[in-house]
Amino acid sequence: MSRFFKIICVFLIPAWVQAEGVVADRPGFSTGTHTLSPGQLNLELGYQADMWDSNTLHTAPLLNLRTGLSEGLELGIAWAGYQVFDGDSTQSDVTLALKKRLTSTSEYNLSALAQLDLPTGDGSDNLSETRFLGGLLWDKALQPDWGVFGVVQAESDYWRGERELNLQATLGTSLSHSAQIGSYAEVFVDAPLTYSEDTVMILNAGLTYLLDANTQLDVYVGGGLENSDTDFIGFGFARLF
């Protein structure tokens, strides 16, 4: 169960929704292909509650700070914050990320993502337990207000005293209902490659609202489709400076 929570909390994730101003990496599993221009700064914050049986895990502030390093290349610093369960609080690791735009057209986009989790939280204090992740992010416009998106990535994690490898994939669709309102739905799959655990499949869906050109609000809900009995709900915002 703790591994499922780690997947939920670390991925700040993100849906691909067209916008001329702010384009956030939240609120979904699929990190969007968009990269910030040099000099731009994007601040994202959120809250999530994971619920199973009569238990609830609270996670905040789900911080993601992104900035453009050069045209088509951005740096991200993410921190899931604190997880509070049954009166106890634990601190998350800090994640460093580089996103590189590989292809950008009016119809489809392709980007590469590399992430490194530093052992700064309560779960570990040894650099050998660092988590690595690399993958490809894509989106394709089917109509002016409708598109599909996805991610394929590999994760190397230190779990149960061993270095393990798993494959993750996301497939989703996004829809712009108006200039301010968008929605998305996605399926996230986490499949172990080097250890004996069940593949986890999760459905996530949400709404985004552009308060203005540089500010996005969001709300989302989801739950396990396969090998998970946990539901979750969250909300947050993103601001482009």
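Student: Which residues of strand S6 are on the covered face, and which on the uncovered one?

Tutor: In strand S6 (residues 108–118), the covered face holds Asn 109, Ser 111, Leu 113, Gln 115 and Asp 117. The uncovered face holds Tyr 108, Leu 110, Ala 112, Ala 114, Leu 116 and Leu 118. In a regular strand the side chains alternate between the two faces of the sheet. Helices (H or I, at least four residues) and strands (E, at least two) are DSSP runs, numbered from the N terminus.

Student: What kind of model is this?

Tutor: This is a predicted model, in which local features need pLDDT of at least 70 and side-chain atom pairs count only at pLDDT 80 or more, while totals for chains, interfaces and linings use all residues. Residues are numbered from 1 along each chain as its sequence is written, and side-chain values use heavy atoms, with hydrogens and water left out.

Student: How many bridges link S5 and S6?

Tutor: Strand S5 (residues 94–104) pairs with S6 in the antiparallel sense over 10 bridges; two strands pair if DSSP finds at least two bridges between them. Asp 117 in S6 is the bridge partner of Thr 95. The two strands S5 and S6 are joined by a hairpin through 3 residues.

Student: And where does Leu 113 find its bridge partner?

Tutor: The partner of Leu 113 is Gly 135, in S7. Strand S7 (residues 131–143) runs antiparallel to S6, and 10 bridges join them.

Student: Changing topic: how many salt bridges does the structure hold?

Tutor: The structure holds 9 salt bridges, a salt bridge being a side-chain nitrogen of Lys or Arg within 4 Å of a carboxyl oxygen of Asp or Glu. One of them is between the side chains of Asp 25 and Arg 66, at 3.5 Å, N to O. Asp 25 lies in the loop between helix H1 (2–10) and strand S1 (41–52) and Arg 66 in strand S2 (residues 55–70), so this pair ties together parts that are 41 residues apart in sequence.

Student: Are Asp 25 and Arg 66 buried or exposed?

Tutor: Asp 25 and Arg 66 are buried. Buried means under 20% relative accessible area, exposed over 50%, and partly exposed in between (1.4 Å probe, protein chains only).

Student: What else does Arg 66 meet in a salt bridge?

Tutor: Arg 66 also meets Glu 74, at 2.8 Å, N to O, and Glu 74 is buried as well. Through shared partners, salt bridges join Asp 25, Glu 44, Arg 66, Glu 74 and Lys 99 into one network.

Student: Which residues make the nonpolar surface patch?

Tutor: Ile 181, Leu 207, Tyr 209, Leu 211, Leu 217, Val 219 and Phe 235 make a patch of about 610 Å². Patches are made of residues with over 30% relative accessible area and no salt bridge: like charges are joined within 9 Å, nonpolar side chains (Val, Leu, Ile, Met, Phe, Trp, Tyr) within 5 Å. Accessible areas come from the Shrake-Rupley method with a 1.4 Å probe; for residues, only the protein chains shown count as cover. S11 gives the most to the patch, with 3 residues.

Student: Where is Phe 235 found?

Tutor: Phe 235 is found in strand S13 (residues 231–240), and Phe 235 is partly exposed, with a relative accessible area of 49%.

Student: Which elements have the lowest and highest mean pLDDT?

Tutor: H1 has the lowest mean pLDDT (41) and S13 the highest (98); pLDDT is the predictor's confidence in each residue, from 0 to 100. The mean for the chain is 89.
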